[in-house]
Amino acid sequence: MSVSNLLENWAQFRHFHPIDDKPHDPYKWAMSIDLDACTGCNACSVACYAENNLPVVGKEKYQHGHGMHWMRIERYWDEGLGVAGGSDFPDHGAQFLPMMCQQCEAAPCETVCPAAATNHTADGLNSQIYNRCVGSRYCSANCPFKVRYFNWYDYPTTDNVWPAEMNQQLNPDVTVRSKGVMEKCTFCVQRLHAAKGTAKNEGRLVHDGDVQTACQQVCPTGAITFGNLVDHESKVHKQWQSQQVELDKDAQVKDQKEGGSGLRGYRIFEELRPYPSVMYLERVRESAI
Amino acid sequence: MIDSGLDRRDFLKVLGWGGAAVALSGCGNTSVEDGKETVVSYVEAADYVIPGIGVYYNSTCAQCDAGCSINGRVREGRVLKLEGNPASAINRGRTCGLGQAGVQHHYNPDRVREPLLRHGDKNEVITWDKAYALIAEKLSGAKGDEVAFLSGGVSGHLKVLLGNYLDSIGSKNHFVYEALAPAVVRAANKKAYGVEMPRYNINKAKVVLSFGADFLGAWVSPVHFSQQYAQFRKGVDGQRGVLIQVESKMTLTGANADRWIPVRPGTEGILALGIINALGTASGDIAAAVKGYDRARVSKETGVPPGQIDKIAALLKLRSPSLVLAGSAAEGYAHGSQNAAAINLLNQVLGNVGKTVEASTSVPFPQMAPAKGNTVALKSLNDGLAAGKYKVLFCYAANPVFTAPGAMKFKDHLAKAGFKVAFAHYLDETALQADLVLPLDSALEDWGTQVPEYMTEGAQINIQQPLMEKLHANTRGMGDILLALVKQRRAEEYKSFDDYYAYLRGAMLLNKNALGGSGADDDTFWNETLTKGIVKLAGSAGTLSGKASAAGLTLPVPSAADVQYPLQLIPGVTASLRDGRHANQPWLQESPDPLTTIVWDSWVEIHPKKAAELHITEGDIVEVTSRSGSIRAQAYLFPGIHPDAISVPLGRGHEALGRYAKGYGANPFQILDAVFDQETGELAMHETRVKVSKTGQRVVVVKDEGAAGGKQMGRKIAVLVTTDEVDLSKEA
């Protein structure tokens, strides 16, 4: 498959959210994150560094926006904080949001890549092919979630990123990226591959619970659920279903019902129609206090 | 391959060496030629070692004392990642960020690798034999009470061996110092409940009222409490648990509260008594004691609106059982014990004792229970050092030169000790003052047992075992060193133990029956123990004996404003850096602080209103001056702090330790005043008063937070709903 072929027949290769002739079968990896359980502790982020060979860039490069945290915790304050008529204090605490690649079904990053380095897999991942990436960074510019991270430097040869001994911790299942390529959360694709391989050897499909992403496995409150959305036995499927969030809709029941639906599942920037594979459950606060 | 000019023979050698690397487990830092005579092919690989396939071993996390069980993934002889061990009742398969970084402690490039004899600023590499001989020589010239041993919170067999060693020297001077241990709360709990650390059932509570207990961040056993918290939020019978956090500086737990209440620093106990008063259910001496704490007075002294006190009381009355926690923010004052006592009294009045506060279980081997201590011990050591009492001082798992309050002048007094031995992973501030530095194995290379202070259902002894072969040939396990040292004095008694492993195995097998191995043969029992990484014991359930009483409870009226030092300094305890011993792990330096999102540096949290008053904007380098000293750091405008207080996080500001720690940030320990809790004598961490002045310099704060300063600008990114808008009972 030459690049020119790819470019000429792009529409054919680009895979939208499931349509009749290309259903997600047998896998569609998806996630749900309960913001009422998330405490913002950052364990997921550190676990991601450990699993995915993320470089520690240091203070100066971090200041330049070069931090490589595929999984980051965003912290928000109430809109009324510190403004006229509002409170001087965060009376309801802060709002934490774990943010990583949303593995969009109609990913804005995919359409703009001049080298077809980022595209969609049959099991619903937004994949990044490092050796095809030419570093145009169009994808990052086009990502509404700002979850793509560019290798401005050759980190493996940069001082104090992986000095002697520290390099022995690198996960051999994950590529160490070099200068000039884009990278991002992969839903721990190396773990998915291993699980699919094991299941295939045993002549079955991957069961719910066979595979966990690194962030899910570490989470002290179990806020992150990950699994196969088309497996009706999976917890992630049940959660999406009970929240009535549908992968291929750009408006969910929750937002349409007048007078409130009692539901709390939503996807970020639904209105931009990227069809994310991550559902968040709204943070809850007690009304009686 | 062709470019590098390797021929076929060299190529095969490389492949062969790959096999040896597995057999020897992780000698990747050696050259191809070294040790080629021991090259063994994969035909003879150890059991379970298959190239490309991970092997998993259970052990115990040593990043803090909570005792989470870990499961290490080892591939080709190298440990790659740590996961939680699902079989542990403490962490049930989970870990925290600090625990994840354990591999960076092991692979850290700044570890001490050789025994070092220090002459001023120069290091001389010596052999272990010489080091041991030197210790024997110095000890021979000292009487028992001229020898002191300072350690962190040791437990398990190491504690027993350490005790035996000190016994053999004839020294009773074991000082246990953990700078952030909840020493005052322990004492208050002992009075109120009869135990120092009861079992808290956050998951069974309908309301948790926490006075500065950062149980989701860095308090006691955060991974365990986080799991309880998740259950608590799901709720009993679909009724979601409500968290109210009272503290002057927002902690991670405060950031997750339904209602965060910024109380005037030091008035936590007054608020607790005010709530007892508002409940109106107390009788007898308690009712009499709280009689004076009416809404108006309490509101005036604490700064909490009267309506808020009523609301809290009403909710506590309506939803039972609840749980009231006294944490580090409440205990950090000269009247910290009284604060904690008032808070515990509220728990008793609410009838929570026996429901959400239960007796803890303890291991049937009290000699293995963790040694506890805080500044009282350090103070006593410091006084002895100042008087020139000690000829030999050992220091293990503590860095008092960094963590002792500046007013104690510990570093100066330490110089008066005759011969100082530091057992160290890094050349930290204390090791740099030592005469002899002995390099330790990392926690992932060493053998050991650990008994956590905070137990859940049942008791457990945690096993620590090497996950891989040692990285550096000349580091030793602490147990091995102690065994060698004790053999110098009691050779006969310990001659049957070649190393600490043999000692540990022998000691465990000796108690096989009590450890649940009755009937099993020795090897089976031992192998099973190592496989599981945990020995679960029935444990003896203690009883809560305390009686609710207000006797002796007196809380001081908040002091008038100090004109010279108008602000209260609250040293911030963050989940990842804590007392700073792990600051050289780069993942932790680059992991943004959850609340400010700042990386790689210290900061001064100051309320925007106070900042406006002082004309301070974000990034101004400010000087924080106390009676004991001053530090400089960047200002960060933070709404989650009382305007009369500022907060600087602990853990950074190292002058040594390693490349990722040295020179980053400022160390607030240095400017802490020597103010102590009146009852226990422990350091009152929050009693230091400071003034803040601008230096005229300004920097760009390096943080994750965007230009909008944490506002969503009307977009629905992180969405908040109130309980009356959702139906949680139908969720999957």
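Which elements cover the buried residues of helix 6 of chain B? The first legend takes this up, after a word on the model.

This is a predicted model, where local features need pLDDT of at least 70, side-chain atom pairs count only at pLDDT 80 or more, and totals for chains, interfaces and linings use all residues. Residues are numbered from 1 along each chain as its sequence is written, while chains are lettered from A and ligands numbered from 1 in the order in which they are written.

**View 1. Helix 6 of chain B is mostly covered.** Helices here are DSSP runs of H or I with at least four residues, strands are E runs of at least two, and both are numbered from the N terminus. Helix 6 spans residues 183-193 of chain B, and nine of its eleven residues are buried. "Buried" means that 20 or more other C-beta atoms lie within 10 Å of a residue's own; with 12 or fewer it is exposed, and in between it is partly exposed (C-beta atoms are placed from the backbone). Among the buried ones you'll find B:A183, B:R186, B:N189 and B:Y193. The cover includes strand 12 (322-326), helix 12 (328-331), helix 13 (336-349) and strand 13 (357-358) of chain B; here, contact means C-beta atoms within 7 Å. Just past the helix, B:G194 takes a positive phi of about 85°.

**View 2. Strand 9 of chain B is covered on both faces.** This strand runs over residues 207-211, and five of its five residues are buried. In a regular strand the side chains alternate between the two faces of the sheet. On one side sit B:V207, B:L209 and B:F211, with B:V208 and B:S210 on the other. Next, look at the pairing, which needs at least two DSSP bridges between two strands. Strand 9 of chain B pairs with strand 10 (residues 242-246) of chain B in the parallel sense, over five bridges. One bridge to look for joins B:V208 to B:L243 in strand 10 of chain B.

**View 3. Three strands of chain B make an open sheet.** Their order is 1-2-3, and the pairing is antiparallel. Strand 1 (55-60) and strand 3 (78-84) of chain B are at the edges with a single partner strand each, so one side of each has no neighbour in the sheet. From one strand to the next, the twist averages 30°; angles like this use axes fitted to C-alpha atoms and run from 0 to 180 degrees between N-to-C directions. Strand 1 of chain B pairs with strand 2 (residues 69-75) of chain B over six bridges.

**View 4. Domain 1 of chain B touches domain 3 of chain B.** An automatic or database assignment supplies the domain bounds: domain 1 (116-180 + 368-439), domain 2 (183-360) and domain 3 (567-701) of chain B. Taken over C-alpha atoms, the centres of domain 1 and domain 3 of chain B are 28 Å apart. Domain 1 of chain B brings 18 residues to the contact and domain 3 of chain B brings 24. On the domain 1 side, helix 14 (375-386) and helix 15 (400-403) of chain B are the elements giving two or more residues. That side has eleven nonpolar, five polar and two charged residues. (Ala, Val, Leu, Ile, Met, Phe, Trp, Tyr, Cys and Pro count as nonpolar, Asp, Glu, Lys and Arg as charged, and the others, Gly among them, as polar.)

**View 5. Chain A meets chain B.** Here 69 residues of chain A are in contact with 79 residues of chain B. Helix 3 (43-52) of chain A is one of the elements on the chain A side, and helix 3 of chain A gives the most, with seven residues. The chain A side divides into 31 nonpolar, 22 polar and 16 charged residues. Strand 11 of chain A pairs with strand 28 (residues 720-722) of chain B in the parallel sense over three bridges, and A:R285 has B:T722 as its bridge partner.

**View 6. A:C38 is buried in chain A.** You'll find A:C38 in the loop between strand 1 (29-34) and helix 3 of chain A. A:C38 counts as buried because 26 other C-beta atoms lie within 10 Å. Leaving aside neighbours within four places in sequence, A:C38 is in contact with A:I33, A:F96, A:P98, A:T221 and A:A223. The C-alpha atoms of A:C38 and A:R283 are separated by 8.6 Å, though these residues are 245 apart along the chain.

How values were computed:
Two residues are in contact if their C-beta atoms, placed from the backbone, lie within 7 Å.
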